[in-house]
Amino acid sequence: MNYSVEVNNVTKKFGKFTALNDINLKIAEGEVFSYIGPNGAGKSTTIRVILGILQATQGSVKVFGKDAWKDAVEIHKRIAYVPGDVNLWPNLTGGEVIDLFVSLRGTHNKALREKLIKAFDLDPTKKCRTYSKGNRQKVALIAAFASEADLYILDEPTSGLDPLMEQVFQECVLEQKKEGKGILLSSHIMSEVERLCDRIGIIREGEIVQVGTLEELRNQFSANNPGKNEPTLEELFMQHYKK
């Protein structure tokens, strides 16, 4: 199996504080891996280490088989990243920002660009300073999916989107999955995770406490809680959060 991302025994410390403690995860090509946990659990720190923004204190991170820290510039040519709170250049239009991001990757699929703008119902002629939070997210998502990347790292990407646009986002993710792209999705929207994910990693206080398919996580829960009904993903998540 080919892996887009391999995180091996990674610890990240900030002084005496341990943000990540010996975590391991792998994301295969064509897989949607969902990363869930409460605020402050270490999700964004993990993502920053994978992106090469932060260097791991211990352990190794490989993206496309390359070192995430040493080869970050090369790796970023094949990655699309969407954060949960997008800041854009206020005096540029949405269309100009999309074109800028896409041109940085060297792709020029105008038909795909127009298709995504229409699907996300974005007016690309407006200045970014006039956009709502939801419209800023649309710009980032359109730029990401128009870039035709090999790995998508999506950190709360649908924050601010209405349900209709969440549906469009989910369809885009599934399309990229079909094309064999790796996808790391961090989300608090459990229905989104249930629909999209192949595997789930639950992180709590810097440690990954459970990894597996939704079916595997449910089977583990049932084995530990005989007689209880099949749990929802939210219940699976909350059993760790309450501890």
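Modeller: This is a predicted model, and by the ring-centre rule the count of aromatic pairs in it comes to four.

Biologist: What makes the rings of F145 and Y152 a tilted pair?

Modeller: The ring centres of F145 and Y152 lie 5.4 Å apart, and the planes meet at 35°. A pair needs centres within 6.5 Å, and planes under 30 degrees apart count as stacked while those over 60 count as edge-to-face, so the angle of 35° leaves this pair in the tilted class. Both F145 and Y152 are also buried.

Biologist: And why is the pair of F145 and F169 called tilted?

Modeller: Here the centres are 6.3 Å apart and the planes stand at 50°; because the limit for a pair is 6.5 Å and the edge-to-face class begins over 60 degrees, with stacking under 30, F145 and F169 form a tilted pair.

Biologist: How do you know that this pair ties together parts that are apart in sequence?

Modeller: F145 belongs to helix α5 (residues 133-146), whereas F169 belongs to helix α6 (residues 163-178), so the pair ties together parts that are 24 residues apart in sequence. Both F145 and F169 are buried, and ring pairs link F145, Y152 and F169 into a cluster.

Biologist: Turning to S186, why is this residue called buried?

Modeller: Its relative accessible area is 0%, and buried means under 20%, so S186 is buried. S186 sits in strand β8 (residues 182-186).

Biologist: Which residues does S186 touch, not counting those up to four places away in sequence?

Modeller: With those sequence neighbours left out, S186 touches Y35, K43, I47, L154, D155, E156 and P157.

Biologist: Let us step back to the whole chain: how many helices and strands are there?

Modeller: The protein chain has nine helices and 10 strands.

Biologist: What makes the chain as compact as a globular protein of that length?

Modeller: Its radius of gyration is 18 Å, close to the 18 Å that the globule rule gives for 243 residues, so the protein chain is as compact as a globular protein of that length. Along its principal axes the C-alpha trace spans about 55 × 40 × 35 Å, and 48% of the 243 residues count as buried.

Biologist: What share of the contacts join residues at least 24 apart?

Modeller: Among contacts in the protein chain between residues at least 6 apart in sequence, the share is 66%.

Note on methods:
Residues numbered from 1 in each chain as written. Predicted model: local features only at pLDDT ≥ 70, side-chain atom pairs only at ≥ 80, totals over all residues. Heavy atoms only, no water. Helix = DSSP H or I, 4+ residues; strand = E, 2+ residues; numbered from the N terminus. Rg over C-alpha atoms; globule rule 2.2 N^0.38 Å. Buried < 20%, exposed > 50% of the residue type's maximum accessible area, 1.4 Å probe, protein only. Contact = heavy atoms within 4.5 Å. Phe/Tyr/Trp six-rings, centres within 6.5 Å; stacked < 30°, edge-to-face > 60°.
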